[in-house]
Amino acid sequence: MADSIRVLHIDDEPDFASLTADFLERESGYFDVETETHATKGLERIRSEDLDCVVSDHDMPSMTGIELLESVRDEYPDLPFILFTGKGSEEVASDAISAGVTDYLQKEGGTEQYTLLANRIENAVERQQSQRAVKEQKRRLETIISNVPGLIYRCRNEPGWPMDEVAGECEELAGYSPGTIESGAVSWGEDVIHPDDRKEVWDEVQAALQEGVPFELTYRIETADGQTKWVWERGRNVTDSDGEVIALEGFITDITESKRRERRFEAIFNNTYQFTGLLKPDGTIIEANEAALSFAGIDRNEVVEKPLWEGKWFESSQQAKDVAREAVETAQNGELFRDEIKIQGANEKAFVDFSVRPVINDDGDVTLLIPEGRNISELKEREQSLREQEHQFDAIFNDPNLLVGLLDTDGTVQDINETALEYVDASREDIVGDPFWETPWWTEDYRAAVKQWVAEAADGEYVEYEADHPTEDGGKATVKGNFRPVTDEDGTASRIIVSAKDVTQRRRRERELKRRNEQFDEFASFVSHDLQSPVSTVQGRLELALQTGEMEHVEKAAEAIDRVDELRDDLVTTLRTGEIVSGTERIELESVLDDVWTAVDPPQTASVTVEEGTQIEADTDALQRMLENLVGNSIEHGPDDVAIQIGEFDSGFYYEDSGPGIDPELRDRIFTPGFSTKNGEEGIGMGMASVRQIVLAHGWAIHIKDGEDLDGVRFEITNS
């Protein structure tokens, strides 16, 4: 338990609160009791002080104990809270338990109640601290397990190794979730361990258990996606009180990379183009790699246990033999020998960079000699290739279509081609010798990035970039290029080539194409929505025709089909021209409303009134689509007898209905694609967005207001 327990006692009776505090502190030296006579002030202290427990009365003027408890639980769900009240009833106790009270104690006469209260406080605090400690211990354990590079397990010592518990990087290691292996759906021993290793794993574990020692073993597994990995496992037995093995516990980790390094070493020794071997200190051959044997056209047993200078490589001349003997004698003395000699192969002779290096132990004794030979003939070929590459570099450097620069690995400019100089008001002499990031091509915003690109290229990385360069006319040019390291034989970067191509026009075309595609996508969505109204009309009228046999409905359906065809033509024209509004004319609005009314097919009780003589300069098809959406919106949101009124005013024309109107808080969002005031999946939020698109395409503006003549919404479409 902590050194002290901080308790806040809240009771509207000051004397009782003070008395309780005195008794509690006398009961236990751990207690540090503060009192408060107002529940609201008590809540403030709970929020501002570090408390271990709250003791509260129930009947208080500003807030009951239950109400105080509910407020505390909202913010401090784990803080011990004891209701210590003179009002005892099953109802209060039930409410307290429901609100999450820690303990409930009724006030009584005598001092025994304070002893009981002190005990309850200590128990509550100790229980809360224990729970906190358990949570912390669990968190630490989970942190340890989550950072273990492998999996931890507990299994039964049976064929298949059935797993009771699996934690850690199970999926990363084997590709299976811990639950899959714990359930037995996948058996570690029968599905994961490689078939060729299962018996050996079983035998090694059982042998270790017999000896009573932990087991360590290396074997292969097959992962869920078919990979083969090498793993290292260490485990031990878990026994009961009688010494019987009841389980195995252990750790398994991936050692595939270390196995790969072992194979890599073998590959280096046996597959490198260099001639490599091992010698005893006196020069006797212990081993020769495949490259050396193949070059001489001999088998290993033809040279092993022979002195180096008697090997076939040195048969071509006495000079070669003498050099080999001298090399051994030099290395015997702990020194490196290196020279160029000509050696004999099965089908050719070659100059090699020949060396013998001593291996020295901690006592300073030479224990082994390592002879190596690097074919200089191949090096000469690479030098020739390098010269050719330099010629190619010169051709690339002077390419008129590329901006090219040559840098030191620290970023200092060595040279710049003429194409790059055309983009800045500076000469080659002004730039050569400066750090590349401080040259005129780069604005301040790019300089840190350029410095980083140079550093990455100096480390041998190939860096691609795209950037904007300022131009002499105050504009900018977009270029795409790379920082490419030029490396020497050791793979170390000796300089950096920066090259870039001006892609300003291409990026401009890409942006325009993207903008046009987005417009077409949006337009297609709107037209798809606008087709819904006449299509719904066709469906509804045909159903009525089938039900009633009245040809009037077929005629209405045919008119709606004509509207579908008009919308199709409008879509084709827009896609061909790229313009939503292809041309405008002076239109009598009343004539357009007849076609709109037919396409929407409203209830018979709905009505529309157009002020006589109302004319609009607009694209007929686009205007009809816009009005269909407005009328459709009025029909969908208004009553069956909704009234619509359209007319002109000073700045344009208006559309008004007798529907429920639009909440002012929603008016800024009503034209947003996808926004709908309808519930669930009834609305897709494209109708009013389509209206706004057509308004903007005409160069108009649209405003939402309350109706002036009717009780619903009023849309005012103005010329600006």
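Modeller: Let us start with what an angle between helices means: axes are lines fitted to C-alpha atoms over the stretch in contact, and angles run from 0 to 180 degrees between N-to-C directions. Please keep in mind throughout that this is a predicted model. On that basis, helix α19 (residues 589-600) packs against helix α20 (residues 620-637) at an angle of about 55°, and their axes are 9 Å apart.

Biologist: Why are α19 and α20 called oblique to each other?

Modeller: Angles under 35 degrees count as roughly parallel, over 145 as roughly antiparallel and 65 to 115 as roughly perpendicular, and the rest are oblique. The angle between α19 and α20 is about 55°, and α19 and α20 are therefore oblique to each other. The crossing in which α19 passes α20 is right-handed.

Biologist: Which residues make the contact of α19 with α20, and how does that contact divide by class?

Modeller: From α19 come Leu589, Val592, Leu593, Asp595, Val596, Trp597, Ala599 and Val600, while α20 contributes Leu623, Gln624, Leu627, Glu628, Val631, Gly632 and Ile635. By class, the contact has 11 nonpolar, 2 polar and 2 charged residues, with Gly counted as polar under the scheme used.

Biologist: What makes α2 and α3 roughly parallel?

Modeller: Helix α2 (residues 39-48) and helix α3 (residues 65-75) pack at an angle of about 15°, with axes 11 Å apart. Angles under 35 degrees count as roughly parallel, and the value found here makes α2 roughly parallel to α3. The contact joins Ala39, Leu43, Ile46 and Arg47 of α2 to Leu68, Ser71, Val72 and Glu75 of α3, a set that divides into 5 nonpolar, 1 polar and 2 charged residues.

Biologist: Which strands stand at the edges of the open sheet, and why?

Modeller: That sheet is formed by 5 strands in the order β22-β24-β25-β27-β26, and their pairing is mixed. β22 (607-610) and β26 (701-706) each have a single partner strand, so one side of each is left without a neighbour in the sheet, and that puts these two strands at the edges. Neighbouring strands of this sheet are turned by 15° against each other on average, with direction ignored.

Biologist: How do you know that β26 and β27 pair?

Modeller: Two strands pair if at least two bridges are found between them. β26 and strand β27 (residues 713-718) are joined over 6 bridges, in the antiparallel sense. One of the bridge pairs sets lysine 705 against arginine 714 of β27. As for the helices, α19 lies across β22 and β24 (643-649), running at about 165° to β22, whereas α20 packs on the sheet, touching β24, β25 (652-657) and β27, with a direction that makes about 25° with that of β25.

Biologist: What joins β8 to β9, and what do β8 and β9 form?

Modeller: Strand β8 (residues 215-222) runs antiparallel to strand β9 (residues 228-239), and 8 bridges join them. β8 and β9 form a hairpin with 5 residues between them, and glycine 226 in the turn has a positive phi of about 90°. β9 is also joined by 9 bridges to strand β10 (residues 245-254), again antiparallel; β9 and β10 form a hairpin with 5 residues between them, where glycine 243 in the turn has a positive phi of about 85°.

Biologist: Why is tryptophan 161 called buried?

Modeller: Buried means under 20% relative accessible area. Tryptophan 161 has a relative accessible area of 7%, and is therefore buried. This residue lies in the loop between β6 (151-155) and β7 (163-168), and its phi is near 50°, a positive value in a residue other than glycine.

Biologist: Is glutamate 305 buried or exposed, and how do you know?

Modeller: Exposed means over 50% relative accessible area. At 52% relative accessibility, glutamate 305 counts as exposed. Glutamate 305 is placed in the loop between α11 (290-296) and α12 (318-332), and its phi, near 75°, is positive although the residue is not glycine. Most residues other than glycine have a negative phi.

Conventions: Residues numbered from 1 in each chain as written. Predicted model: local features only at pLDDT ≥ 70, side-chain atom pairs only at ≥ 80, totals over all residues. Heavy atoms only, no water. Helix = DSSP H or I, 4+ residues; strand = E, 2+ residues; numbered from the N terminus. Left-handed = near helix turned anticlockwise from the far one by under 90°. Contact = heavy atoms within 4.5 Å. Buried < 20%, exposed > 50% of the residue type's maximum accessible area, 1.4 Å probe, protein only.
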